[in-house]
Amino acid sequence: MALKPRVGVFGGAFDPPHNTHVALARAALSQLRLRELRVLPTGHAWHKARTLSDAADRVAMARLAFEPLGAVMVDARETLRSGPTYTLDTLRELRLEQPEVEWVLMLGTDQAAALPTWHGWQQILQIATVAVAERIDDAGQPIVFDPRSLPGLPAEARFESLRIAPEDTSATLIRQRAAQGLDVAALVPPAVARYIEQHHLYSPPDEH
């Protein structure tokens, strides 16, 4: 039987997308045998306490950051949806549009461990293979996620590992640096750094 083409699903606030995000996307394309990677900026992030930047800015930055990699499509559907953004709804839509595809959901180890708190998490695991990006600890050892630690794990759940080099970059740090007028060019792709500067993102309101 012919193998299904694989398409990755990489969601996040991308506020802003940074170099670690890009490294993860590049690793997924090379390690997971993906035909395409869908990057999905989140809409209303029900699990985040802070208000996200305007969706149009986050989508624009995601296109600048990821599309130069090739085989990447920035999919804005979650930003167009009213109400909370749930990964399950997105995966169901994608499966309806392309039933011939094997969908591969990319998660970090922390997200994978928190899966039981996600809306419809068991249904998610029935739709998509989960690729868990393993981080490196301070001793240089991979932090391995064991799916068997999840209570109520569906028997058909499929997990894979994605190895990435250690990088200590966070969107929170980038926003803080930009708000202080500090340079962020070393932390984000050059086109994203220019976008942040040109659009005065993350600057205090009175400086716009």
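I looked up the lining of the second largest pocket: helix 7 (171–179) and helix 8 (190–198) each supply at least two residues. Helices here are DSSP runs of H or I with at least four residues, strands are E runs of at least two, and both are numbered from the N terminus. The model is predicted, so local features need pLDDT of at least 70 and side-chain atom pairs pLDDT 80 or more, while totals for chains, interfaces and linings use all residues. Residues are numbered from 1 along each chain as its sequence is written, and side-chain values use heavy atoms, without hydrogens and water.

**Pocket**

I noted a volume of about 260 Å³ for the second largest pocket. Of its 16 lining residues, Ala178, Gly181, Leu182, Ile196 and Glu197 are the closest to the centre. A pocket is an open set of points on a 1 Å grid over the protein atoms alone, where a 1.4 Å probe fits, with protein on both sides within 12 Å along at least five of seven lines; lining residues have an atom within 4 Å of a point. Helix 8 gives the largest share of this lining, 3 residues. I sorted the lining into 9 nonpolar, 4 polar and 3 charged residues, with Gly counted as polar.

**Helix 1**

Next I checked the length of helix 1. Its 13 residues should span 18 Å at 1.5 Å a residue, and the end C-alpha atoms are 18 Å apart, which agrees. The expected span is 1.5 Å times one less than the number of residues. Thr20, His21, Val22, Leu24, Ala25, Ala27 and Ala28 are buried in helix 1. Buried means under 20% relative accessible area, exposed over 50%, and partly exposed in between, with a 1.4 Å probe and protein chains only. The cover over these buried residues includes strand 1 (6–12), strand 2 and helix 2 (55–66). Just after helix 1, I found Arg33 with a positive phi of about 60°.

**Arg35 and Gln98**

Arg35 sits in the loop between helix 1 (19–31) and strand 2 (36–41). Arg35 counts as partly exposed because its relative accessibility is 44%. Gln98 lies in the loop between helix 4 (87–97) and strand 4. Gln98 counts as buried because its relative accessibility is 15%. I found a polar contact between the two side chains, at 3.0 Å. That term means a pair of N or O atoms within 3.5 Å; within protein, one must be able to donate a hydrogen and the other to accept it, and residues adjacent in sequence count only if both atoms are side-chain atoms.

Leaving aside neighbours within four places in sequence, Gln98 also touches Arg38 and Trp103. Contact means heavy atoms within 4.5 Å.

How values were computed. Points joined across faces, edges and corners; volume = space filled by probe spheres on them.
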